[in-house]
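Biologist: I have a protein model open and would like to understand how its side chains pack and pair. Could you take me through it?

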Amino acid sequence: IPLNGRSLSVTSLSGLPQWEVEELPIEDLLLFEVAWEVTNKVGGIYTVIQTKAKTTADEWGDNYFLIGPYFEHNMKTQVEQCEPVNDAVRRAMDSMNKHGCQVHFGRWLIEGSPYVVLFDIGYSAWNLDRWKGDLWEACSVGIPYHDREANDMLIFGSLTAWFLKEVQLIHVIAQFHEWQAGTGLILSRARKLPIATIFTTHATLLGRYLCAANIDFYNHLDKFNIDKEAGERQIYHRYCMERASVHCAHVFTTVSEITAIEAEHMLKRKPDVVTPNGLNVKKFSAVHEFQNLHAMYKARIQDFVRGHFYGHLDFDLEKTLFLFIAGRYEFSNKGADIFLEALSRLNFLLRVHKSDVTVVVFFIMPAKTNNFNVETLKGQAVRKQLWDIAHSVKEKFGKKLYDALLRGEIPDMDNILDRDDITIMKRAIFSTQRQSLPPVTTHNMIDDSTDPILSTIRRIGLFNSRTDRVKVILHPEFLSSTSPLLPMDYEEFVRGCHLGVFPSYYEPWGYTPAECTVMGIPSVTTNLSGFGCFMQEHVADPTAYGIYIVDRRFRSPDDSCNQLTQFLYGFCKQSRRQRIIQRNRTERLSDLLDWRYLGRVSKVWDQENYFKNPTRVGHLGDSVGWASDC
């Protein structure tokens, strides 16, 4: 069925009536997308839903609804309340509100302005024990009373299933994201609701836990005792909820090839479709515009560096490269361990070859802190003071020069600055002297002695000394334009950097390198990330387009680290002109990651290449086509 058509056909979904092309135009369908991160930013799923909303809303119009949890702050800042136009949705909300629930409705203020249905979890918590019994009867999964998150997910899922039942339409498609929304799918199927269901996993619960434990995960996928591993980590009930959701869904999808392999072993079902994540790409009318943004935001990062390294600013900022890693603080999963080791080796190479290039590396990973580091704040104050003094002297110098020229004289350069000016400048120079090295962190860390990044920095000796060609700055909170330290949004910061480095060991998709690509910034990824596998498949020579893919699957950790080091060293040897050309080529890849492209082109999984077991569900016929478009 062509996905740009206005009608759909599904003939083989178990328990559903036959949907014929002639009798079921898309206008008679309702599409519900269910996720805990609807209007509620927790991780990457928020980005998936937010960026995809416009493409989906353009296709489905007012028949597209997002279902999520209600939080008062999010509602006030992100949602415009309104009354539902759809009769079925309005009746369902009225019925639930009459029976002791609080259901909120409105338009989410993002591109596409999709409708959202939000359930107040706390208001319905009095039903928890009864709903625990319902889940037990449906799939024999019990939830411990002390796992508050799992209990909240059960309330959310029960409200979702209740709402879908009240909608009272037989032409409903519901897509559920991750185990947090899975309970709604399980209960909907147990109650035989006439809806077509899709379950999308963006990562597996157990996979994330195992990788964080420094286990050789991908080479032992078929050897794990799944129940035992989940039980030892006290997530067995969550794992059961996730696995039940996968097996209850009519269509099971995931976001990348590497996650599909993982899901088959961890969740015991082969994904029917792989639907890569995209972004809402905005093209500039002229190619040079994004290069201009890079120059503008790079200058702002340079200002921060001037303050942070005051007294030790003996390197040329025009020959300084800015690298960064960003994301959740998962030291091993996100590859911060191998990155730091590679930086140590890069520092050695740059010093041995007497390179005049300096590399400043930012770690943007939120951790527990007390407040800003006093020395860091002082650095920015010193920089601003020097700027004010220079500006004041320049004004006085300029006025004297102007007056002399008006008189037709060449000013005496020895007298154009008086003694007071010289004194002020000397005092300014003395104020830049410091006894300590520039700090490696911008904040006071609560767990300074045990912090993985700081502990590794101490071990490899990257302390921002004068002889180091690689300087390190840990910024343990997300960036904000209102910060007194580095007042930049994340997008502005990325545009100002030269290279994003994300050598992840566990990365089901990888939005950080994808965002770099869309902004024309080269990045490092791995063949264990969904993004890296996607680029390997779609681009003949990713390195030429600024996508450096580290082999972390088939090489030893030391070999992978050496490969990353060579990538970084090769990047440092590029001329400014070569980097500009590379950024132009990187930006050209952005069309590959546009939801307008990915929303219509999805990849049906090739079982001959990746899976040995036959499919665990019956033939799904045309459902694969429309599921990918959802």
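This is a predicted model: local features need pLDDT of at least 70, side-chain atom pairs count only at pLDDT 80 or more; totals for chains, interfaces and linings use all residues.

Biologist: How many residues are in the largest nonpolar core?

Modeller: Residues with the most contacts inside this core include Phe 32, Leu 159 and Met 266. The core draws at least three residues from each of domain 1 and domain 2. The residue count of this largest core is 71.

Biologist: Which residues does a second, separate core include?

Modeller: This second core is separate and has 67 residues. Among its members are Ile 325, Phe 502, Val 524 and Tyr 548.

Biologist: Which residues does Phe 119 touch, leaving out those up to four places away in sequence?

Modeller: Phe 119 is one of the residues with the most contacts inside the largest core. Its contacts include Ile 67, Gly 68, Pro 69 and Tyr 70. They also include Phe 156, Leu 159, Thr 160 and Phe 163.

Biologist: How many aromatic pairs are there?

Modeller: A pair of aromatic rings is described by the distance of the centres and the angle of the planes. Rings count as a pair if their centres lie within 6.5 Å. By this rule the number of aromatic pairs is 28.

Biologist: Take Trp 36 and Phe 156. What kind of aromatic pair do they form?

Modeller: Their centres are 5.5 Å apart, and their planes are at 75 degrees. Planes over 60 degrees apart count as edge-to-face. So the pair of Trp 36 and Phe 156 is edge-to-face.

Biologist: How many residues apart in the chain are these two?

Modeller: Trp 36 is in the loop between strand 1 and helix 1. Phe 156 is in helix 5. The pair therefore links distant parts of the chain, and the separation is 120 residues.

Biologist: Is Trp 36 buried or exposed?

Modeller: Buried means under 20% relative accessible area. Trp 36 has 13% relative accessibility, so Trp 36 counts as buried.

Biologist: At what angle are the ring planes of Phe 217 and Tyr 218?

Modeller: Phe 217 is buried, with a relative accessible area of 0%. Tyr 218 is buried too, at 8%. Their ring centres are 4.9 Å apart, and the pair is edge-to-face because the planes are at 80 degrees.

Biologist: Over which ring does the charged end of Arg 107 sit?

Modeller: The charged end is 4.0 Å from the ring centre. The ring belongs to a residue in a cluster that also has Phe 65, Phe 71 and Phe 105 among its members. That residue is Tyr 115.

Biologist: Which residue does Arg 107 meet in a salt bridge?

Modeller: Side chains of opposite charge can pair when their charged atoms come close. Here the N to O distance is 3.6 Å. Arg 107 lies in strand 4 and its partner in the loop between helix 1 and strand 2, so the bridge ties together parts that are 45 residues apart in sequence. The partner is Asp 62.

Biologist: How many salt bridges does a search of the whole structure find?

Modeller: One of them joins Arg 407 and Glu 409, with the closest N and O atoms 3.5 Å apart. Others link Glu 341, Arg 345, Arg 459 and Asp 558 in a network. The search of the whole structure finds 30.

Biologist: Which residue forms a salt bridge with Glu 330?

Modeller: Glu 330 is buried, with a relative accessible area of 18%. It lies in the loop between strand 10 and helix 12, and its partner lies in helix 7, so the pair ties together parts that are 122 residues apart in sequence. The closest N and O atoms are 3.5 Å apart. The partner is Arg 208.

Biologist: Is Asn 277 buried or exposed?

Modeller: Asn 277 is in the loop between strand 9 and helix 11. It touches residues including Val 48, His 202, Trp 509 and Trp 595. Its relative accessible area is 5%, so Asn 277 is buried.

Note on methods. Residues are numbered from 1 along each chain as its sequence is written. Side-chain values use heavy atoms; hydrogens and water are left out. A nonpolar core is a set of buried Ala, Val, Leu, Ile, Met, Phe, Trp, Tyr and Cys residues joined through side-chain atoms within 4.5 Å. Buried means under 20% relative accessible area, exposed over 50%, partly exposed in between (1.4 Å probe, protein chains only). Domain bounds come from an automatic or database domain assignment. Contact means heavy atoms within 4.5 Å. Rings of Phe, Tyr and Trp (its six-membered ring) pair if their centres lie within 6.5 Å; planes under 30 degrees apart count as stacked, over 60 as edge-to-face and the rest as tilted. Helices (H or I, at least four residues) and strands (E, at least two) are DSSP runs, numbered from the N terminus. A charge sits over a ring if NZ of Lys or CZ of Arg is within 6 Å of the ring centre and within 35 degrees of the ring normal. A salt bridge is a side-chain nitrogen of Lys or Arg within 4 Å of a carboxyl oxygen of Asp or Glu.
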